[in-house]
Amino acid sequence: MPKSGFLSDIKFRTRLVFVCLLVLLPSLILIATILIILPISESARKKESEQTIMAASEQYISTAVENSVYIAKTAYTNKELYELINKKYKDAADYYTAYYEIKSSNPILTSENNSVSGIKIYSDNPTILSGGAISRMESVRGTEWYNTFSRLNKDMIFYCDSATGELSLLRKMDYYTVNTGDCILKIDLNGEILQECFKNLKFSGNIYVMNGGTLLFSNTGNSDDEINITSDYSCMIKNYYTVDIEYYSRADMEIGGMVSEWIIIPVTFLVIYAISVTMIIRLLKNVTDRVKHLNGVYDLDKGFCLKDSDLLCKDEVGALYRSCAELSEKLEQVENDDGRHIEQLNGCIYENNTLMLDALGIEAVLSSSDNARYLKFREEDIICPLDAELEKASDFAKTGVPDGKKLTVTVSADFEKIKSLSLPLLSVTMAVYDIVLCGFENNDEIALKIKADEGNGYCVISAGYGGNEISAGRLLKLRSIFEKEKSDDLWDFMPGYQYNPFIRLEKYYLENISAVFSSENGFEMRLTLPVDVMKPKKYDVKE
Amino acid sequence: MALCIAVLPSCALKKGKAENEITEFSSFLAAYGTELSDDNVVQQIISEKIGAKCKETWLKEGETAESVISKMIISGEYPDFISPDSTQQQKLLNAGALIPIDEYWDDYPNLKNYFTEAEWNRMRSEDGHIYYVPAFSKVYMYDTTPIHYDEAFWIQVRVLEWAGYPKIMTLDEYFDVLEKYLAANPTNEDGSKNIGYEILSENWLYFCLENPPQFLDGYPNDGCCIVNPNTLEAVDLNTTPTAKRWFKKLNEEYKKGVIDPECFLLTADQYFEKLASGNVLGMVDQYWNYSGKIESLPAEKQYVPIGVVIDKGVEEHYHSNVAMDTSSGVGITTSCNDVEAAVKFLDDLLSPEVLNLRFWGVEGVDYSVDKDGLFYMTDEQAASTQNNDNVNYSCRYSYFPYYRGMNLDGINAYCWAYQPSVFYGNLDKQIKNCLSAYGAQTYVELLNKSEENAAWYPMWSYTNTFTDKTPYGKAKIAMDEVKHEYLPKVVMGEDFDTSWDEYMDAYHSRCDVDAYINELTAEVRRRVDMGK
């Protein structure tokens, strides 16, 4: 058997609270830890995200730049282009013919693609016409890009138009000798496509690509005026052939978003926790309810009276109940055995009474002979003085008290007047005994009063008590004893009643008696006997 | 517990389509257009009424219909709707990229009855199915357009005003006015040079250069040929005497410096840039092609159409009723996940209520209706409509089918801009003066009234379906190449006759013109027979 300690004294309700707390506590600690770590990791993620997006942005620009550089290199060494711009054309048609041919056959002039939106060669050749991919230099002299290119005096530069934010690669065309003046290749990066790329970036935050305060691309669609680069922006600067391109990036702190993502964990936990607690409560309540119920189903008198067999489940409570029920059944069996023993004892008493009557030799009663009164009674054996009879009745009545019930008997009589009277032995005693038995059917306590009085040639003997009435059926049976027609179930009135004292009295007094049974606020039997018969005398016994 | 956590999010992702959810389609429209904003007002109203909307994607600068659609065909991934040009339409059909709309339209009477059975038959594919719906060819009752959308000789209002609104009938008169104005006004106030006449000749847009001879001879815009109405024979418009006179005139004007010397080198974008500068006095073009590029020009630099003919006595035929162009249209692609809904979308767009939203706007807000059902605009509504942001407010779904001409109520024009009272009231005073000087209230009234289209009209809808698989298709390609190569030389040539002869030699030696013309003649007669 397990040791019983202080744990055994903890009630189920308290145990339940402990269990819930023990489940809740680690989880709350976990969630709290997550919420503390979240901003820290989010900040790191933000930085990483900013670096990543800048690297990706740089890749876009770099690819476009390298693509333009590749085209520029190809054009730079393309002999046909030099021939086109070196030639002196006699008229527009002559130039158109030359241009038409090179346009059809030379891929350089049509190598515009997603990265490059325009390729144009500017030449000082006065005999060419502006249009398509070739243009006269005079049309661009004085422009910002031309001036910048001239000022830097480099073979190739990358140029950003501060007004439009357009990016261009400028390449001096001098691989072959050019006799018609300066010649510059200008390749415009496809800003719309690049902007589209930036717009489609899946980045939660701002990414700005700028050059000296001019916004080139962004994922927000903001204009220059709407941009405010603050210290919390990550910055990266990359130089592309003389042009510095700045990348500014700031990721949104997505605490709110992350919380909304992470909130699923505590919410899920709470849901599961609620379900778990509910389940635990139900499990424990099931046990406690059944234990309480089982406590109630034990009756001191009836033992275990379980009506709902569902309570007899297969768990430990059910087993406990079954054990208790079995024990109760055994106790009840013992109790029943006791009752049966008492009944047997009572039977023995009745039987003893009968035997005793037999012993008294009341053959007339047994034979029901009308001449019974003439039977020879041995006076010393069967005739008893009334006072002695009343005393016997009082004593004998006390033997009929069931367990747990109470009887008090008072006898009142003018013993001087009645001391000469006698009557058959035990006739009143047995009647009184019957009254007591009947009385205890409906009463737990009986105060029995036995009286005897003599006058006018009759002796009146009464026995009764106050309290509950006896049942109507019982009363009828009592009365029927004195009726002419005997009740067939007379014997059923009480075992041994075939030796009924009233029958005996009737036989003895030859119907000159009256017996009144009244059951009102209790019960009373009143016997009226002729005194003359009660005088002791000798009887002739018929042979 | 871990299991529960893992399972819960996936459960949360399950969602069905709500009853009032808007189905959003995608589309590619092979033209330069303006993309609507996601919260476009009228588009939102339409989508709430019909439960669907379509995001329109247009050609971007630097893209061509061919490049975009070729990529789609290679990848096999298309938007839900596609509206290509005629060449790409054939490619899409050959690639099996379109679904047969006629298999789905039985429950959609607006769409099914959009064309007559005879008209639908003109666009059935070889397998008998209809794969696309031409969007611009259906006129309800009669044409009400106040604007001449097609080809014409265009001239700036300031030129006519300066010249005192002269009556210009012939080619010579047209260039005479330009020459005189240019001589008097070689530069503008800002110092920029005026260009007397500009020519767009890049790729297929070179119709501005090569097909005016048909108009000069008084024929309508069959585009690829002239049709003799008596013999029902196709005539090569490239070699007619008028054609020669036309190019000779251009040659003369080029030499005079009236024509932009760079014109044949220009890309389309460069051409539009020049028009947008407002410095170009005149050109031949189709209104739909250039109008979007000059919207910001002041009234004096806007263009009005002139019905120029080669000689007096020739009746010009520039304005035609809407041509039945069956060569292309909007189709539903095989990438569309819900073809039934897409067909319903087309059907819904043709309902009277949605047509009003598309072309008039919101009743009570953009226009009002009098007791007789006539739509009108208050001054506030007219001003508001003029200023409406096409990106954020209006939604015409202009490349999806609609009815031109009259509104389906039979009372109003299909579009507010075509309502005569609204149109004239909205014109700038300078343009009103110009129109009034010629006794007109609309641009169309500057030209002869359109006539009933001939049964074969327009023939360009046929040549647009040519591929290089046939002799006549190859001939067309060769003709295009020769014209692209030689016509600029003809115009720019020092000696026109020599250039012309070289052109003709190349033309006849490199092109199977007979195969081309004979096929067109056969098509003319087929269409005439079909129309009987």
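This is a predicted model: local features need pLDDT of at least 70, side-chain atom pairs count only at pLDDT 80 or more; totals for chains, interfaces and linings use all residues.

Modeller: Let's start with B:K293, whose charged end sits over the ring of B:F272, 5.2 Å from the ring centre.

Biologist: What makes the charged end of B:K293 count as sitting over the ring of B:F272?

Modeller: The distance limit is 6 Å from the ring centre, along with a limit of 35 degrees from the ring normal. B:K293 lies 5.2 Å from the centre of the B:F272 ring and is listed as sitting over it. B:K432 is placed over the ring of B:Y424 too, at 5.3 Å from its centre.

Biologist: Why is the aromatic pair of B:W105 and B:W120 called tilted?

Modeller: Their ring centres are 4.6 Å apart, with 55° between the planes. Pairing needs centres within 6.5 Å, and stacked is under 30 degrees while edge-to-face is over 60, so this pair is tilted. B:W105 lies in the loop between α4 and α5 of chain B and B:W120 in helix α6, so the pair ties together parts 15 residues apart in sequence.

Biologist: How do you know whether B:W105 and B:W120 are buried or exposed?

Modeller: Buried means under 20% relative accessible area. B:W105 has 4%, so B:W105 is buried; B:W120 has 0%, so B:W120 is buried as well.

Biologist: And what lines the second largest pocket?

Modeller: That pocket has a volume of about 1,100 Å³. Its lining has 42 residues, and those closest to its centre include B:V139, B:D143 and B:N453. By class, the lining has 21 nonpolar, 13 polar and eight charged residues.

Definitions and conventions: Residues are numbered from 1 along each chain as its sequence is written. Chains are lettered from A and ligands numbered from 1 in the order in which they are written. Side-chain values use heavy atoms; hydrogens and water are left out. Rings of Phe, Tyr and Trp (its six-membered ring) pair if their centres lie within 6.5 Å; planes under 30 degrees apart count as stacked, over 60 as edge-to-face and the rest as tilted. Helices (H or I, at least four residues) and strands (E, at least two) are DSSP runs, numbered from the N terminus. Buried means under 20% relative accessible area, exposed over 50%, partly exposed in between (1.4 Å probe, protein chains only). On a 1 Å grid over the protein atoms alone, a cavity is a set of points where a 1.4 Å probe fits but cannot get out, and a pocket is an open set with protein on both sides within 12 Å along at least five of seven lines; lining residues have an atom within 4 Å of a point. Grid points are joined across faces, edges and corners, and a volume is the space filled by probe spheres set on the points. Ala, Val, Leu, Ile, Met, Phe, Trp, Tyr, Cys and Pro count as nonpolar, Asp, Glu, Lys and Arg as charged, and the others, Gly among them, as polar.
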